[in-house]
Amino acid sequence: MRLRTTVVALAAVVSLAACGGQREPAGSSDSGGRLTIATGNTTGVYYQLGGALASVISSKVSGYRATASETGASVQNIQGLVAGNYDIAFSLGDSASDAVKGENSFKSKQDVVALTRLYNNYTQVAVRTSAGINSIADLKGKRVSTGSPNSGTEVIARRLLEAAGLDPAKDVTAQRLGLPESVDAMKSGSIDALVWSGGLPTGGITDLTTSMGKGVKLLPITDLLPKMQDKYGSIYTQAPIPAATYKQPADVPTIVVPNVLLVRKDMKDELAEQLTKVIYDNMDSLVAVNAAAKGITLENADKTDPVPLHPGAKKAIDGLR
């Protein structure tokens with residue numbers, strides 16, 4: 001009977017973790033416990049680095065065990081963080097900015113703060129070479145994966161289409177697919193293009209370019225940057241996707257946006273300080289999982305505006321410099 005009771009109790013805990021059910025936030029008490037990290041699609045960089053970060057926290061932060069959860073990414077992550085379903089969340093800087101301002105996907109200001117700025121996300125627009133697509137404007141009438149629902153990729157995809165003079169709801173056949181599904185759809189020919197915002201390299205894009213070879217190409221999109229900046233500010237900048245990243249013929253100029261690591265405002269200062277410090281003390285472990293982590297630097301750690309930096313995180317960053 002005791003064994004049955006234990007199994008039932010364990011099943012309840014696993015069920016809660018799997019569905020992201022609301023619970024008492026571990027970071028708001030002094031007793032320690034479980035920390036859940038909201039990441040992204042399984043073939044994206046958030047998921048890879050989230051898993052590595054969970055491992056580092058579990059082994060280096062006394063009294064805490066962390067797990068990484070697959071999610072739809074930025075917007076969903078912030079919503080789940082505020083609801084208490086997650087304790088730490090990866091997010092694109094533009095979605096995080098919307099959250100603290102209460103704009104676009106967020107109807108009110110969200111009480112989230114940053115532990116640190118992370119690496120930059122590169123907007124990667126992959127198209128079937130045979131589809132005759134050479135610009136975002138050429139996506140009119142095409143079948144396009146705009147990313148998972150409530151993801152940072154979806155936010156950027158819609159903004160790119162609008163900057164090119166297209167209506168995302170009318171001018172393209174939008175498919176709201178995660179990266180693994182988008183890659184499969186490109187391979188099968190059921191979509192013509194996909195938009196992805198992620199670090200370099202992203203495993204799913206590597207798979208796509210390796211599998212399809214010259215049958216797929218990446219679009220340069222920096223011609224739309226001035227319109228993006230006029231409407232949304234300097235959160236958007238530009239940088240090249242190096243040719244060697246995905247074995248392309250040449251560098252591909254694209255639009256980039258920083259990532260941030262978010263927590264709720266009520267996280268204890270001591271825990272926020274520990275979490276921030278453990279990131280920079282264990283960078284080798286993160287870089288070993290994905291080279292995008294090389295972009296996480298102390299020099300840029302506190303450059304999270306307009307998202308406020310958690311006081312505990314600020315203490316950690318100041319102490320490490």
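Reply: Gladly, and please keep in mind throughout that this is a predicted model.

Me: Which residues does R159 touch once its neighbours in sequence are set aside?

Reply: Leaving out residues up to four places away in sequence, R159 touches D94, D98 and N104, and also M228, Y232 and Y236.

Me: Where is E154 placed, and what does its accessibility say about it?

Reply: E154 also has its place in helix α5, and because its relative accessibility is 9%, E154 counts as buried. With neighbours within four places in sequence left aside, E154 is in contact with T146, G147, S148, P149 and R176. You can also read a separation in two ways, along the sequence and through space: E154 and D281 are 127 residues apart in sequence, and their C-alpha atoms are 33 Å apart in space.

Me: How would you read a residue in a strand, such as S91?

Reply: The steps carry over from the helix. S91 lies in strand β3, residues 88–92, and S91 counts as buried because its relative accessibility is 0%. Beyond residues up to four places away in sequence, S91 touches Y46, S74, I78, A96, P258, N259, V260 and L262.

Me: And what about a residue in a loop, such as Q110?

Reply: Q110 lies in the loop between α4, residues 93–101, and β4, residues 112–128. With a relative accessible area of 15%, Q110 is buried, and the residues it touches, apart from those up to four places away in sequence, are V82, A99 and V100. For a separation here, take Q110 and I37, which are 73 residues apart in sequence and 18 Å apart in space from C-alpha to C-alpha.

Me: Let us turn to pairs of helices. At what angle do α6 and α7 pack, and how far apart are their axes?

Reply: The general idea is to compare the directions of two axes, and angles under 35 degrees count as roughly parallel. Helix α6 (residues 179–188) and helix α7 (residues 203–212) pack at an angle of about 10 degrees, with their axes 9 Å apart, and α6 and α7 are therefore roughly parallel to each other. Their contact is made by L179, V183, M186 and K187 of α6 together with G204, I205, D207, L208, S211 and M212 of α7. By class, the residues of this contact divide into 6 nonpolar, 2 polar and 2 charged.

Me: How are α2 and α9 arranged?

Reply: Helix α2, residues 45–60, packs with α9 at an angle of about 115 degrees, their axes being 10 Å apart. Angles of 65 to 115 degrees count as roughly perpendicular, and α2 and α9 are therefore described in that way. The crossing in which α2 passes α9 is right-handed. In α2, L53, V56, I57 and K60 meet L275, V278 and I279 in α9, and this contact has 6 nonpolar, no polar and 1 charged residues.

Me: What angle is found between α9 and α11?

Reply: Helix α9 (residues 269–281) and helix α11 (residues 311–320) pack at an angle of about 40 degrees, with their axes 7 Å apart, which makes α9 oblique to α11. The crossing of α9 and α11 is right-handed. From α9 the contact draws on D269, A272, E273, T276, K277, Y280 and D281, and from α11 on P311, G312, A313, K315, A316, I317 and L320. The residues of this contact divide into 7 nonpolar, 2 polar and 5 charged.

Me: How many helices and strands are in the protein chain, and how should I read its overall dimensions?

Reply: The protein chain has 11 helices and 10 strands, and its C-alpha trace spans about 60 × 50 × 40 Å along the principal axes. Of the 321 residues, 52% count as buried. Finally, among contacts between residues at least 6 apart in sequence, 75% join residues at least 24 apart.

Notes: Residues numbered from 1 in each chain as written. Predicted model: local features only at pLDDT ≥ 70, side-chain atom pairs only at ≥ 80, totals over all residues. Heavy atoms only, no water. Contact = heavy atoms within 4.5 Å. Axes fitted to C-alpha atoms, helices over the stretch in contact; angles between N-to-C directions. Helix = DSSP H or I, 4+ residues; strand = E, 2+ residues; numbered from the N terminus. Parallel < 35°, antiparallel > 145°, perpendicular 65-115°, else oblique. Left-handed = near helix turned anticlockwise from the far one by under 90°. Nonpolar A, V, L, I, M, F, W, Y, C, P; charged D, E, K, R; others polar. Buried < 20%, exposed > 50% of the residue type's maximum accessible area, 1.4 Å probe, protein only.
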